[in-house]
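Here's a quick briefing on a protein model. Take a look at it first, and then we'll walk through it topic by topic.

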Amino acid sequence: MSQEMLIVDGLQYSNWSREIFEQMREGGVNAVHATLVYHETTRDTLSRLGEWNRRFETHRDLIMPVREAADIQRAQEAGKVGIFLGAQNCSPIEDDIDMVAIMRDLGLLIMQLTYNNQSLLACGCYEAQDSGITRFGRQVIKEMNRVGMVIDMSHSAERSTLEAIELSERPVIISHANPAAWQPAKRNKSDKVLKAIAECDGLLGFSAYPFHLKNGPDCTLEDYCDMIAATADLMGIEHIGIGTDLCQNQPVSILEWMRNGRWSKEMDYGEGSKDNAGWPRPLPWLKDSRDFPNLVTGLRARGFAEDEVARIMGRNWVELLERTITPQV
């Protein structure tokens, strides 16, 4: 693998430990978008930020915080993994628009407007009716643009996603999903959405979560790279990256928290079912972060040029952050 190639994973939520940070470094990963929260309140989010501050202190030889895009290059030069934080829901701001700037100042670089359900801002992909962006959502999009917080529509419904792209003055991303034309999962995105993401100079991070893949955990690396090639033709090579959605070493209770939060008394199985309620079996070619070289090998075998491989594996993520997270003057 080229020494110059930056590898950025656009989404992980693992049970963070020194072992996992060492695996990232062993796999040549230079930066990871780490999920900070799912359904946590403002106060809970502050505690999660505190936990990351302790990790940065305890494992300072392995990881460092990413506050600006240039920190990813600095992490690579220092032999560390840069961590940039995101929220998979808008719960950290509750109903207070001032929390957007405060969370951004504390290091939250990315926020999803919804997580599957209707939120105060937009509609999630599991609702029967997509109400679009709310009045509050319009204000929050404007504020996120101002402070340099990236709008992520990974778990949002189609109308809400298209409206967010139209309303935002800055690029919008889908950090972890795949084309619905390739695999028709609720969380995967239509060609219309993918084209709109590309047109707004945003980015799609390809998910490696088996529920989003053709043949689930039996999806081959060749099929995955074929999907990437087809999407590159649709969106352009500059607008695609990796967002594995790796959730290593997490107990089933975390999966249930993702799916149910505090909103449901009945068990919601999300993308699973009563007969398939646990974590899916991992992909044989991407069991953990040490397997990232397999992706590089697969893209090369699919016929991508070296510059294109470098874009998909990390450079597009760096450039996306460069054009989105600097606060507006």
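Let's start with a word you'll need throughout: "contact" means that heavy atoms come within 4.5 Å. With that rule, and leaving aside its neighbours within four places in sequence, cysteine 125 is in contact with Asn116, His155, Ser156, Ala157, Lys186 and Arg187. This is a predicted model, where local features need pLDDT of at least 70 and side-chain atom pairs count only at pLDDT 80 or more, while totals for chains, interfaces and linings use all residues. Residues are numbered from 1 along each chain as its sequence is written, and side-chain values use heavy atoms, with hydrogens and water left out.

**The whole chain**

- The protein chain's secondary structure comes to eleven helices and nine strands; these are DSSP runs numbered from the N terminus, with helices being H or I of at least four residues and strands being E of at least two.
- For 329 residues, a compact globule would have a radius of gyration near 20 Å, and the 18 Å of the protein chain agrees with that. (The radius is taken over C-alpha atoms, and the globule rule is 2.2 Å times the number of residues to the power 0.38.)
- Along its principal axes, the C-alpha trace spans about 45 × 40 × 40 Å.
- Of the 329 residues, 59% are buried, where buried means under 20% relative accessible area, exposed means over 50%, and partly exposed is in between (1.4 Å probe, protein chains only).
- Take the contacts between residues at least 6 apart in sequence: 71% of them join residues at least 24 apart.

**Two loop residues**

- Back to cysteine 125: you'll find this residue in the loop between β5 (108-112) and α5 (135-147).
- Cysteine 125 has a relative accessible area of 14%, so it counts as buried.
- Serine 264 sits in the loop between α9 (252-260) and α10.
- Serine 264 has a relative accessible area of 23%, so it is partly exposed.
- Serine 264 and cysteine 125 are 139 residues apart in sequence, and their C-alpha atoms are 17 Å apart in space.
- Cysteine 125 and leucine 204 are 79 residues apart in sequence, with 17 Å from C-alpha to C-alpha.

**Helix α6**

- In α6 (residues 158-167), the buried residues are Ser160, Thr161, Glu163, Ala164 and Ile165.
- Those buried residues of α6 pack against α5, β7 (172-177) and α7 (191-199).

**Helices α7 and α8**

- The axes of α7 and α8 (residues 221-235) come within 9 Å and cross at roughly 60°. (Axes are lines fitted to C-alpha atoms, for helices over the stretch in contact, and angles run from 0 to 180 degrees between N-to-C directions.)
- That makes α7 oblique to α8; angles under 35 degrees count as roughly parallel, over 145 as roughly antiparallel, 65 to 115 as roughly perpendicular, and the rest as oblique.
- Asp191, Leu194, Lys195, Ile197 and Ala198 of α7 make the contact with Thr231, Leu234 and Met235 of α8.

**Helices α10 and α11**

- Helix α10 (residues 292-302) packs on α11 (residues 306-322) at an angle of about 140°, with the axes 10 Å apart.
- That makes α10 oblique to α11.
- On the α10 side, the contact is made by Phe292, Leu295, Val296, Leu299 and Arg300, and on the α11 side by Glu306, Val309, Ile312 and Met313.
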